[in-house]
Structure formats: C-alpha cells, structure tokens
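I'm opening my notebook for this one.

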Amino acid sequence: VIRKFVRSSPRSHPGESSQRAEGAIGVNYGMIANNLPTPDKVIAMYKANKISYVRLFHPDTTVLTALGGTGIGVVLGTFNEDLEHLASDESFAASWVASYVKPFAGTVTFRYITAGNEVIPGDLGTHVLPAIRNIETALKAAGVTGVPVTTAVATSVLGVSYPPSQATFSEASAPVMAPLVAYLSSKKAPLLVNVYPYFAYAAEPETVQLGYALLAGSSATSKIKVSSVTDGGLVYTNMFDAILDAAHAAVEKAGAQGLELVVSETGWPSGGGGTGATVENAAAYNNNVIRHAASGAGTPRRPGKAVETYLFAMFNENQKPEGTEQHFGLFQPDMSAVYPVDFAAGSY
C-alpha cells in the first residue's frame, strides 16, 4: 500500500523556553517571494489565528523584533550555506548568537535553533554536528539557556522506510545520522523531521490511497474511504503516522532510544498542476493534521505522545519553482485565506 517515503520537502531557504508542546501547531514562515506582507503584519496574523509557534528558515532581525513579547514559540534556523563556517569557527558561531539570539532572548520565546535544513545526506551533512556543538558553546557563553540546538531532516535520510518497523537510515546518511541522534538524545534535544505524505501519494496515486494520505480517518465528516495498514501488531490509518514511526524506528535502530521527533514541516499543495494538488485536498489535509496533533493520540509506535507539528507554509511564495512549490501556502500574499483552517482545534 505504501512504498518508500523518500522525497524531500518543498525547497525552502534554509527568548528562552523549556516548555514542551502539547500537540500545539506551528506554521513555517517562508519568505521566497517578493510580495509578502511586512513582518509586523505577518506576526499579527499568527496572533489573530492563535498559531502557537513559528519556524524561521534563517535569521531575520525584523521578524525577530516583531515576535518580541508575543509569546509565540520560535524555531530559528541557520542558512545552509553558513553551516561549514559555524562548524569550523567558534568565533563565527559566537557572532551568530550575538547577532540573532542574545539581543532577543529576553523578549522572544526561542524553542529550538536548527543548524541547517535537509542537508543530510549530502556534502554539508558532516558539518551539522560540529555546528550544533559550536552554537551550544556560544549560547552558554552568552548566558542563553534552555534552547535546544538540533537540525531538520527530510525523510530522504531513510533507506528502508516501509513497513515502518523495518525502517533504517540509508547508507549515505547513517554515518552522519547515527552520531547525531546519539548526541541529541544525550542532550534531550529533539530531532526535527519534515513529513510529506503528499509526495508519496503524488508519486504513486494508483498505489497510495488518497484518504490514507489525507488523514481522512481524523475527520468525522470525511466521506473518503480509508483502509488501514498493519505492521506487526500496530495498525496505521494514515501515512503521516507511518512516516513518523518509520523515522522513530530508524532512530531506535541507531541506538537513540526515546529521542523525541518534532514534525518541522508538513503540508499539501492547493494548486500548481500536481497530482492531487487541489484546494479541497489541501484543506482536508491541513485541518486533519491539526486535529490529529491536537488529539494528543501520538502514533502507534508512540501512543499518547503528542506530536509537535509545523504546517508548511504560511504563504504561497511566488519566487519558488513553478508548479506545486508555489502553492503550499495557507494564505495568499494579500493575507486572504487560500482555504479555511481551524487552528483553534490545536489549542488547549
């Protein structure tokens, strides 16, 4: 019913808090566009929609200033092209923290800092762990505590991914991922994973059931038939859980028991000509994800463990590659909704 999930997510440029998420929802704030509202208006939209968290792919002091005092949890990323410098030069890591974290730590609620986005496997992958260490050292020296440093990976880190219990890291990613997850586990920091059932469905629509990809079983009003997939003693009614548990299994096989996974991106395109890329499907998927995360049900492999989840993305971005890439937004650049999204379903 499901093959491999190894597709990268849509291309994106890459205050203190020890609070843990209880199924609350965040949204990625992508900026690959020339027609977006000003950051103060965007952050006002987050507040008006009661969106709990925001993920930034790279530092932006104007956005960070707008986030001050809002209580919105912030995931702050580094540029991928800065990874090598952050890994090799402690003074550069110190200046990065001094520029983008320290000045805002009193007013901005930082949840995580991510060293790179989707660079494993690849030439930059070996720089991730040294960069994490140097950023941690810089945070400590700056007196900023309680902000875990991690990275975000695509499911392309997996070799075998189905059935979920058999998942392992690929030969290309394992030499980087094994020490990385061991280190994150030792620091009690989560690993961020970008989870996209859409790409698995679009690649094999004749094999992957639409309702299974859309989490249709999470909706009381859905008329789409959903079958289930059995893996050992576990039953999967949606691909989101299956992908996430494949990542859990790979992490466990690498020796990092109990490592928390955060879904740093997930979404569904509302247009652009791709298979299944419709407003109806996008609305169904994202509202179902919110309900699923809010339920706190967790996954079959981690029942009862609420999954912190970030939708991709806030806006349709017109400078991304043509096609579905430009249509993952919940809102248009004029701030109108592409379709209704009930963020209140994710609030406690």
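**Ground rules.** I'm working from a predicted model, where local features need pLDDT of at least 70, side-chain atom pairs count only at pLDDT 80 or more, and totals for chains, interfaces and linings use all residues. Residues are numbered from 1 along each chain as its sequence is written, and side-chain values use heavy atoms, with hydrogens and water left out.

**Salt bridges.** I searched the whole structure and got five salt bridges (a side-chain nitrogen of Lys or Arg within 4 Å of a carboxyl oxygen of Asp or Glu).

I looked at Glu265 and Arg55: their closest N and O atoms are 2.9 Å apart. Glu265 sits in strand β9 (residues 261-266) and Arg55 in strand β2, 210 residues apart. Strands here are DSSP runs of E, at least two residues, and helices are runs of H or I, at least four, numbered from the N terminus. Both Glu265 and Arg55 are buried (under 20% relative accessible area; exposed is over 50%, partly exposed in between, with a 1.4 Å probe and protein chains only).

Next I checked Arg301 and Glu252, which meet at 2.7 Å, N to O. Arg301 is in the loop between α10 (279-295) and β10 (309-311), while Glu252 is in helix α9 (residues 239-253). Arg301 counts as partly exposed because its relative accessibility is 26%, but Glu252 is buried at 16%.

Then came Lys305 and Glu260, with N and O 3.6 Å apart. Lys305 is in the loop between α10 and β10 and Glu260 in the loop between α9 and β9, so the pair ties together parts 45 residues apart in sequence. Lys305 is partly exposed at 38%; Glu260 is buried at 17%. I also noted that shared partners join Glu252, Arg301 and Arg302 into one network.

**Asp60.** Asp60 lies in the loop between β2 (53-56) and α2 (61-67), and a polar atom of its side chain is 3.0 Å from the backbone nitrogen of Thr62.

The largest cavity has a volume of about 70 Å³ (on a 1 Å grid over the protein atoms alone, a set of points where a 1.4 Å probe fits but cannot get out; lining residues have an atom within 4 Å of a point). Glu260 and Lys305 turn up again in its lining, with others including Leu244, His248 and Arg302.

Conventions:
Polar contact = N/O pair within 3.5 Å; in protein donor to acceptor, adjacent residues only side chain to side chain. 1 Å grid on protein atoms, 1.4 Å probe; cavity = no way out; pocket = protein on both sides within 12 Å on 5 of 7 lines; lining within 4 Å. Points joined across faces, edges and corners; volume = space filled by probe spheres on them.
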